[in-house]
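Welcome, and please have your viewer ready. We will pick one selection at a time and look at what is there.

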Amino acid sequence: MSTTVPSTQQIEVEETIKRIQTHKGVHGFVIVSNDGSFVRSTIDNSTTMSLTGLIRTLSDKAKSCVRDLDPQNDLTFFRIRTKKQEILVAPDKDYLTIVLQANEQH
Amino acid sequence: MTSTLRSAASVRTGISAGGRSGGQASGVTRKTAPTNRSTRGLPKLIENDQDVTPKRLVDPEQYYNKVKDSVLSNDASSNPSETTYSTAQPQVFSATKSLMGHSHGGAANSHGTDAESFPSEHDADQLAQSVATHAVEEDESLISMDGETPQSLLTLSETDTIFVLSIDSCIVANDATDLEDIKKQNERYVELCKSRQGSDVFSDRGMNTFNNTVKNKEVQCERIQSQSREVYASVADMYDSERGESKIILGKSTHDKQTIDEPLSRTDMTRSVGSGIDKSHGTRLSEQSIDETMRKSTMAKSTNEQVEDPQSFDSSKIAASVFIMERILNSNTNQVKQAIYRGLTPLTDREEKTIAYSGLTLDKLFAYSAEITNNKNVSALTWNHQNSDLLAVGYGPFEYNDQRNGLVCCWCLKNQDFPERFYHTPSAVTTVAFSVKFPSLLAVGLFDGTVNVYNVQNNIDKALLDTEEVPGKHTAPVWQLYWLGVEKSRDDDTGEVLMSVSTDGRVTQWLLRKGFESNDYMKLKRILSKQTIQRRDNSKEVKIPKSENLLYRQSGGLCFDVCPDDSTIYLCGTEEGLIHRCSLANNEQYLDTYAGHSGPIYRLAWSPLAKGVFLSSSADWTVSLWTIDRYQPCITFTSRKKPVFDICWSPKSATMFCCANEEAVEVWDISRNTLEPIDIILTTHPYIFTSITYAPNSECVLAGTNLGSVVVYNLKNLPAPTKANELMEIIKQQTHQALIPEDPTVKAAAAIKPKENVPISNNK
C-alpha cells in the first residue's frame with residue numbers, strides 16, 4: 001500500500017507516460033527493472049517476458065560497446081527499425097523503457 | 001657418509017619427535033623423575049564428560065627401561081637401526097630419540113671428515129639428559145597448567161627447523177695464505193673418498209625410516225556450497241573501478257540466500273544453466289541470466305514481493321528516459337514536418353504528389369496545441385534569444401469579459417503535443433518577453449496589470465518575481481513588455497531593465513534589483529492633434545496654442561517598440577490612434593507624434609533592415625508604413641474589413657511582412673504589390689488569428705489562433721530577399737506619388753525639424 005503522496009515530478013512523469021502510450025502509432029509500452037521484473041506493460045505477459053529478456057541482452061551489449069570505445073561515454077537511447085515496427089529502447093541506471101511504434105506508412 | 005645418513009635420519013625423526021614433544025616430554029619426565037610419575041602426566045581431553053583422550057598407540061613407559069638397557073649395552077659397531085628394528089617398536093621410538101639427542105650434542109664435531117663412532121655410553125646419558133633438559137621447559141608449562149585446570153589445551157605446531165648438520169661450502173680466494181693447506185686437505189679428502197670403497201675403516205650400512213602406524217580420523221563438515229561466477233571486465237569496467245564506481249557485482253546476498261535455501265537440484269540447475277549462457281560480454285550478463293533463471297524458478301515464491309513492486313516503483317527515476325522517449329516518438333511521427341521547418345529536404349520515399357506552386361505560398365506544417373491550451377486565445381508570441389526553437393506563448397482573451405486564468409506555455413519544435421513548460425497565471429496573459437541578457441527569464445504581462453517574471457529552467461507555477469506588491473504597479477492591463485539593455489548605474493544592476501506599457505497611460509521602466517523597482521519613462525498625455533480637431537470642427541478654424549493641451553489626461557498605451565538602431569528612441573501607440581516617438585531621456589514631451597490611424601493601434605514594428613521605417617497596425621482595418629520624418633503614412637495597406645491584431649516584419653527581406661487580422665494571415669511584399677497581399681491563408685475553421693511572428697531560424701510563420709493553437713506555416717517559393725534600399729526606393733516613389741495631388745504645404749511641413757510637440761496640420 002503506497003501511503004506517500006506522489007511528488008510533482010512523479011505526476012509529470014506519469015502524465016508523460018500516458019501521453020506516450022496514446023501517441024500515434026504506439027502499440028506497446030514496457031518498463032522493466034534491472035533485476036528482470038517488469039513494472040509496467042501494455043502487452044501480454046509472455047511477449048513481454050521474451051521481449052525484455054532479449055532486449056536486455058542487446059542493451060547490455062550495446063552499452064558495453066559504447067563504453068568500451070570511450071569509458072566516459074554512455075548509451076542513452078537506441079532504436080531498432082524493423083519491417084513491421086520500430087522498437088525504441090531507453091536504458092537507464094535502474095530501469096529499461098521499451099516502446100513499440102508502428103512504422104509510418106508513407 | 002654414514003654420519004650424514006645418521007644425522008639425516010635423526011633430523012627427520014627429530015622433527016617428528018619434536019612434534020610430539022608433549023608425549024615425549026612426559027616420557028622423559030618419567031625417566032628423570034620417576035617418582036613424579038602419575039596420571040596427571042598426560043594432558044587429558046574431556047568432552048561431554050567423557051574422557052576422550054586419544055590413547056597412545058604405544059605406551060613408552062613399559063618399554064622405556066627395557067630399551068634403555070638394551071641401548072646402553074649395545075655394541076658400538078652394531079647398526080642401531082637394525083637393533084631397534086628387530087626389537088619392539090617402542091625401542092625404536094626411544095632409540096631414535098637418543099640419536100637425535102646425540103646429534104644435537106655432537107653437532108659441534110659433525111664437521112670434518114672423521115668417521116663417527118657410535119655414541120659411547122656416557123654420551124647416551126648425556127643425550128638423554130639433554131633431551132630431558134630440552135623438553136623440560138615445555139613440560140614445566142604443562143605441569144603448571146595441569147595443576148590449575150583439568151583440561152589443558154594442546155597446541156600442536158611445527159618447531160623451527162633444526163639444522164642438525166650443516167656443512168657449508170667455503171670459498172677461499174686464490175691468494176689466501178693458507179691456500180696450500182686447504183688444497184692439501186681437499187686432496188686428502190678426495191683420496192679418502194676414493195679409498196672408501198674397499199677400505200676396512202668404513203662400512204656401509206643401510207637405513208630405513210619406519211612408517212609409524214597411522215590412526216585414521218574422520219571429520220565431517222557442512223556441505224560447502226559453491227557457485228561459479230564469471231565476470232568479464234571490459235574497458236568500461238576498469239574505468240569505473242578506477243573511479244570507485246565499480247559495478248561488478250559478484251554475488252547478491254538475496255540471491256545467494258535463495259540458492260542455499262533451495263534444494264540441491266535447483267542449485268545445480270542454475271549452475272548448469274548459467275554455464276550454458278554466453279558469458280563473453282557485459283559485466284553482469286552472466287549474472288543477469290542467472291538471475292533471470294533464478295527469478296523464473298522462484299516466481300512462485302516471490303509473488304508477494306511483486307505485489308509490492310508497483311508501489312515501490314518510483315517513476316521519477318525514469319524521468320530522463322521517458323523524456324527522451326517522447327521526443328523520439330514525436331520525431332518519428334513528425335520527422336517530415338520538422339525537416340521542412342529546419343529547411344532540410346524531407347526524407348520521403350514516396351513520390352511527391354504536391355501541386356506545383358508558382359508563387360509564394362504558405363503551407364501548413366503543424367500546430368502547437370495541447371489539451372491544456374484548448375479554447376484559450378493566443379495573445380502573445382515571443383522567441384527565446386538563446387534557443388531559437390523555444391517559443392513562449394501567452395494565452396488570454398483580449399477583452400475584459402469572461403476573464404479566466406491565464407496560461408503561458410513554452411513550446412519546443414521537438415514536441416508538438418505538449419509544451420515544455422506551462423505556467424498558470426492568476427489572470428489572462430497579454431504579453432510575454434524573453435530576456436536578452438538572461439535567456440531563461442521570461443517576463444509576462446497580465447491583464448490585471450501585474451508583471452511576472454518566470455524562470456523557464458523549471459516548471460514552477462509561482463513566479464520568480466512579480467509586481468503585486470510594488471507601489472508602481474500598473475493599474476490597467478499591461479500590453480507590451482520589452483527587455484532593454486542599459487548601462488549599469490549601480491553595481492548590483494543587471495544591465496537590463498524591463499519596459500512596459502499599459503492602458504493606465506504610463507510607460508514604465510522596471511529595475512530588477514531585490515524586487516521590482518519602477519520608474520516612469522513617460523506618462524502618456526492625451527493630446528488632441530490639431531488634425532483631429534480640424535476634422536471634427538471643420539467649420540471653425542480653431543487655433544490652439546502650442547503649449548496648451550486641451551484635455552490633460554492620460555491616454556492608454558497599447559504598444560511600443562524600441563528603435564533597433566538607437567535604443568533610446570521608442571515609439572508608442574495609443575488608444576486614440578496616435579503614435580508618439582519618444583526618448584528615454586525625456587519623460588515630459590514627445591519628440592514626435594504621428595497621426596494617421598483612426599482606431600487604436602495594436603502593434604508597432606520598426607523595420608529590422610531599413611532605418612527609420614516602421615509599420616503600425618490598427619483596429620481601423622489598416623496597416624500603415626511610416627518613416628520618421630513624415631507625419632503621414634507613406635503607404636497604407638488595407639485588405640480586409642477586420643482589425644489587424646498583429647504584424648511582423650520578415651527578418652530577411654526588407655519589403656516583406658505579414659499580418660494577422662481576424663480572418664486571415666496575409667503576407668505582403670511591398671516590392672510586388674502594395675494593394676494586395678501576395679499570399680493569404682484564410683481561416684477555415686471557426687477560429688481567428690490573433691497573433692503572428694516569424695521564426696528566427698526557419699522560413700516559417702507562426703500564427704496564433706483564438707482556440708489555443710499556434711499554427712506553423714512554411715513559406716514556400718520565397719522570392720529573393722530584398723534589401724533595405726529597395727524599400728526606401730519604393731517609399732520614395734510612393735511618397736512622391738502621394739505628394740503630388742496634395743498641397744505643397746505638406747512638403748514644407750515635412751521639412752520642419754521634428755522638435756515640437758504639436759503635430760503638423762495639413763493646412764497651415
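Start by selecting residues 594-629 of chain B, where an unreviewed UniProt entry places the feature "repeat: WD"; such annotations may be inferred rather than shown by experiment. This stretch is 0% helix and 56% strand, with its end C-alpha atoms 10 Å apart. Helices (H or I, at least four residues) and strands (E, at least two) are DSSP runs, numbered from the N terminus.

A word on the model: it is predicted, so local features need pLDDT of at least 70 and side-chain atom pairs count only at pLDDT 80 or more, while totals for chains, interfaces and linings use all residues. Residues are numbered from 1 along each chain as its sequence is written, chains are lettered from A and ligands numbered from 1 in the order in which they are written, and side-chain values use heavy atoms, leaving out hydrogens and water.

Next, colour chain A by element. You will find two helices and five strands, running α-β-β-α-β-β-β from the N terminus on. Of its 106 residues, 42% count as buried, meaning under 20% relative accessible area (1.4 Å probe, protein chains only).

Now select residues 45-69 of chain A, which form helix H2. This helix has 25 residues and reaches 36 Å from first C-alpha to last, close to the 36 Å expected, where the expected span is 1.5 Å times one less than the number of residues. Which residues of H2(A) are buried? Highlight, among them, A:Leu51, A:Ile55, A:Arg56, A:Asp60 and A:Arg67.

How values were computed. Buried < 20%, exposed > 50% of the residue type's maximum accessible area, 1.4 Å probe, protein only.
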